[in-house]
Structure formats: C-alpha cells, structure tokens
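Let's take a friendly walk through a protein model together. Have the sequence and the 3D view ready, and look up each residue as we come to it.

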Amino acid sequence: MAAINHNDLNRKHVVVLGAGVVGLTTAIQLQEVGDYKVTIVADILPSDPKDIRYTSQWAGGHHVSLAGNNERQAKWDRDTFDVMWDLSKPGGDAEGCFMRLPQTEFFDPNTNKSSALAHMPDFQSVAKDDLVPGSDAGVTFSTVTIDVPKYLNYLAARFLGRGGTLLRGSVQHISQIIEGGPRACIPSPRTTTVPDVVDALVVCVGLGARSLGGVEDSNVYPIRGQTVLLRAPWVKIGCTIAKPTSDGGAIWTYIIPRRSGDVIVGGTLEPNDWYPVPRPETTEDILKRTLALCPELAPPEARANGRQPTVADLRPLIIEGGCGLRPGRQGGIRVELEWYSRGDGQGRTPVIHNYGHAGYGYISSWGTATEAMELVVAALRRPRL
Ligand SMILES: Cc1cc2nc3c(=O)[nH]c(=O)nc-3n(C[C@H](O)[C@H](O)[C@H](O)COP(=O)(O)OP(=O)(O)OC[C@H]3O[C@@H](n4cnc5c(N)ncnc54)[C@H](O)[C@@H]3O)c2cc1C
Ligand SMILES: *[C@@H]1O[C@H](CO)[C@@H](O)[C@H](O)[C@H]1NC(C)=O
C-alpha cells in the first residue's frame with residue numbers, strides 16, 4: 001500500500017485537461033503555489049511521438065514577444081520571460097533545456113512589434129548599415145530559445161516529482177470529468193487512486209477547445225506553421241524578418257538555434273489550414289528564405305574563400321521537416337472562469353479556461369498559468385455551492 005500523505009485529505013483536487021506546455025505549466029503553478037492535489041488528463045503526453053494534435057512538440061521555440069501594444073499579452077510574456085531567464089541561468093533548474101543567445105528582429109512599419117521588446121536584456125536598435133534587404137528597421141536583444149521536447153519532459157518530471165498524476169484519457173465533454181471524475185475518462189480506471197471528486201477543472205486543450213463538448217469555442221481555429229529542423233551547431237544567433245504582404249498579413253522567416261546544436265528554421269502562418277504533414281515545395285521555400293536571411297546557416301566550408309552558399313549546401317543538414325497547428329483564437333488567449341452546473345443537482349463546479357495561445361504558448365506560458373491558478377484559488381475560496 002502506498003503511504004497516504006495526510007495533507008492529501010484536506011487538499012482540494014484540481015484536474016487539468018491537456019498536457020501541452022500550457023497544461024503542464026498550469027498544473028505546476030496549481031501544485032507549487034496553489035498547494036492543490038493535481039491530476040492531468042490528456043490524450044497525448046509529452047514523451048509520445050510527435051503528433052499533429054499536440055502543437056507543443058512542433059514549436060520553434062524562442063521567447064520573442066509578439067504582443068506589440070497589447071498590454072495584457074505583453075505582461076503575460078514579460079512574466080514568462082522572467083521565469084525562463086531564471087530557469088536558464090548557469091546552474092539554473094532547467095539550464096539544459098534553454099540556450100541564451102543574441103536575437104535580431106528585422107521589420108518594417110507594418111510589422112513592427114518592437115514595443116513589447118524594449119525591456120529585454122541588451123536591447124538596442126540596429127544601425128541602418130546593418131539592416132538586411134527587405135527591412136527598414138531592426139532591434140537586437142538577448143533572449144532564450146527552448147529545446148521544446150526536452151523542456152516538455154522537464155515540466156512533466158517536475159509535476160510528477162511533486163506528487164502529481166498524469167493520466168492518458170480522452171474527454172468528449174467536460175461533464176464526463178466533472179461528474180464522473182478522471183477515472184471515468186481513462187482506459188483502465190483501476191490503475192489509479194485519484195479522487196473522483198473534482199473541485200475545479202482547468203481546460204488547457206489548445207486547438208481541442210474548438211470541438212470539446214461544453215466548450216465548443218468557435219473563435220478557435222488552426223494557424224498552420226511549417227518548419228525544417230537542421231543540424232547546424234555552428235549557428236549561435238537567432239534572427240527573424242517579418243515582411244508585410246499585400247493582404248495586410250506578413251511572411252515571417254526565422255532561425256532558431258537550440259542548445260543541442262539543432263536549428264529550427266521557418267516558417268509559415270496559414271489560418272484554417274489543417275494539412276498535417278510538410279509540403280515539399282514549402283520546405284524548399286523555407287530553405288531559400290532562411291539562407292538569404294542568414295548565409296551562416298550553411299556549413300563553414302561551404303562559405304570558405306568568399307563562396308556564396310546555395311540551398312544545396314543546406315540539404316545534407318536536414319533532420320526532418322515539421323508542421324504544427326497553432327491554436328489561434330479571435331480575441332486572443334482565453335483565461336476566464338465559468339461555473340458549470342452539475343446534472344446531479346449537487347451544485348456548481350468552477351471551470352477555468354486557459355487556451356488559444358496561437359504562436360506564443362511558450363512565450364506566455366508562465367504568465368497565463370499564474371492567472372489561471374489565481375482564478376482557481378479565488379473560485380475555491382468560496383463555499384461549495
Ligand atoms: C511551427 C511552430 C512554431 C512555433 N514557435 C513558437 C515559439 O517560438 N514560441 C512560442 O511561444 N510558441 C510557438 N509556437 C506555438 C506553440 O507551439 C503553441 O502556442 C503551444 O504549443 C500551445 O500549447 P497548448 O498546451 O495550448 O496546446 P497543445 O500543445 O496542442 O496541447 C493540447 C493538449 O490537450 C490535449 N487534449 C486536447 N483535446 C483533448 C480532449 N478532448 N481530451 C483529452 N485531451 C485533450 C492534447 O492531447 C494535448 O495534451 C509555435 C507553433 C508552431 C506550429
Ligand atoms: C516601432 O514601434 C515603437 C512603438 O510602437 C516605436 O517606438 C518605434 O519607433 C517603432 N520603430 C520603427 C522603426 O518604426
């Protein structure tokens with residue numbers, strides 16, 4: 001028999017639905033700050049093979065805020081950066097998941113998001129002479145990139161190490177968890193002793209919020225992003241250029257080196273495109289665009305004696321192509337409390353939403369997790385209705 005922690009008897013039980021970066025970070029905040037007993041239920045888990053239904057495995061990912069003048073988003077992003085800067089410091093808790101590096105963002109007046117970046121370490125404007133073709137301004141600063149598969153497993157290990165339970169299960173409607181408990185939603189309920197009573201449910205299902213029963217948020221839609229993963233350990237600088245398109249959008253081209261020596265290059269922003277595998281012609285286009293932005297992607301020998309590298313120099317470096325579906329949402333990220341009326345007439349259960357992180361789920365993960373945790377605390381402080 002496992003020893004029973006007597007504290008467990010008084011602690012409220014919060015279930016987090018979803019095990020992407022948002023669900024894991026939220027679950028950790030609920031444990032470490034909220035002091036709840038926390039169970040995560042998700043159909044795809046961090047150590048699973050990459051899957052189109054789990055966006056977090058496909059991210060670049062770097063911390064470069066896209067919040068511009070959106071102050072709510074900018075604060076979430078700043079709060080998250082502070083946590084990641086600390087985790088990534090030499091000797092920090094998750095140093096091996098991050099690389100600290102110099103970052104340059106090139107833009108023009110229509111794609112200028114630099115107002116939310118002015119607080120970054122070593123922030124400076126790029127001198128006119130150092131601008132790349134197609135940009136008319138730029139900023140440099142220091143930030144982190146995230147080795148996302150490693151970081152997801154770090155978060156899962158931290159959650160489990162604190163006594164959390166991670167269950168594989170598929171949920172069709174939030175009532176199944178709230179009224180039936182997590183065991184009603186997993187294939188082998190006898191393998192776990194998690195309580196059936198759910199004091200609060202936190203919904204961190206990303207794109208799943210569009211179809212999950214009881215949420216069915218029609219503001220949520222996919223924004224497809226395609227990338228190429230390269231082996232190029234000589235690249236130690238991150239770079240993005242955002243070029244405006246005639247329809248008011250932008251083409252983003254970026255280079256994100258990871259601590260491991262792998263480099264993710266991209267990308268695309270394709271709203272309402274559900275296509276689940278890389279398109280070969282897009283891979284070619286990404287290689288062309290990224291090489292033009294950063295010739296240093298090519299191996300040093302391909303650039304020796306002033307030689308101009310070509311896309312052919314990049315092909316041998318390819319590890320894999322990738323694509324993921326960012327959980328976009330009209331109106332931005334939803335962090336909000338709702339009350340669910342139970343069918344058994346036993347009152348109401350708080351449901352806290354935390355989804356719709358689009359292309360900034362890592363960038364805003366700690367900020368939104370803290371706000372979601374605070375909504376749980378406020379809701380559970382009230383007597384059970
Ligand atoms: C190419 C690309 C590059 C990106 N680059 C960056 C970057 O540099 N920086 C950055 O911050 N972000 C980046 N992003 C965005 C980032 O990946 C997302 O914002 C983030 O992963 C969203 O995380 P999530 O936890 O909300 O969703 P997900 O990672 O999709 O997790 C959803 C979880 O919910 C579970 N789930 C859903 N529905 C159900 C259900 N009905 N029952 C049970 N479980 C369910 C899933 O199994 C999964 O565990 C990028 C994305 C792409 C595609
Ligand atoms: C970008 O926007 C910020 C604030 O919105 C402004 O201060 C800055 O001058 C702009 N930069 C350029 C090059 O337009």
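## The largest nonpolar core

In this predicted model, the largest nonpolar core has 43 residues, and the members that touch the most others are L30, F98, Y151 and V376. Which elements each supply at least two residues of this core? On the helix side they are α1 (21-32), α2 (71-87), α3 (148-161) and α7 (365-381). The strands are β1 (13-17), β2 (37-42), β5 (137-146) and β7 (200-203). Helix α3 gives the largest share, with seven residues.

Leaving aside residues up to four places away in sequence, V376 touches V14, L30, Y36, A200, V202 and I352.

## A separate core

Now look for a second group.

## Around ligand 1

How many residues surround ligand 1? There are 38, and D43, S56, V171, A358 and I363 are the closest. By type, this shell divides into 19 nonpolar, 16 polar and three charged residues.

Several backbone atoms come up beside oxygen atoms of ligand 1. A backbone N or O atom of I44 is 2.9 Å from an oxygen atom of the ligand. For T55, a polar backbone atom lies 2.9 Å from a ligand 1 oxygen, and a polar backbone atom of G361 is likewise 2.9 Å from an oxygen of ligand 1. On its own, ligand 1 has 1,000 Å² of accessible area, and the protein covers 95% of it. The elements giving two or more residues to the shell are α1, β8 (220-231) and β13 (318-329). Strand β13 provides the largest share, three residues.

## Around ligand 2

Which residues sit around ligand 2? They are F107, N112, S114, S115 and A137. Ligand 2 has 360 Å² of accessible area on its own, of which the protein covers 42%.

Sorted by type, the shell of ligand 2 holds two nonpolar residues, three polar ones and no charged ones. Take a look at N112 as well: an N or O atom in the side chain of N112 is 2.5 Å from an oxygen atom of ligand 2.

Notes:
Residues numbered from 1 in each chain as written. Chains lettered and ligands numbered in written order. Predicted model: local features only at pLDDT ≥ 70, side-chain atom pairs only at ≥ 80, totals over all residues. Heavy atoms only, no water. Near = heavy atom within 4 Å. Polar contact = N/O pair within 3.5 Å; in protein donor to acceptor, adjacent residues only side chain to side chain. Areas by Shrake-Rupley, 256 points an atom, 1.4 Å probe, with all protein chains shown as cover. Nonpolar A, V, L, I, M, F, W, Y, C, P; charged D, E, K, R; others polar. Core = buried A, V, L, I, M, F, W, Y, C linked by side-chain atoms within 4.5 Å. Buried < 20%, exposed > 50% of the residue type's maximum accessible area, 1.4 Å probe, protein only. Helix = DSSP H or I, 4+ residues; strand = E, 2+ residues; numbered from the N terminus. Contact = heavy atoms within 4.5 Å.
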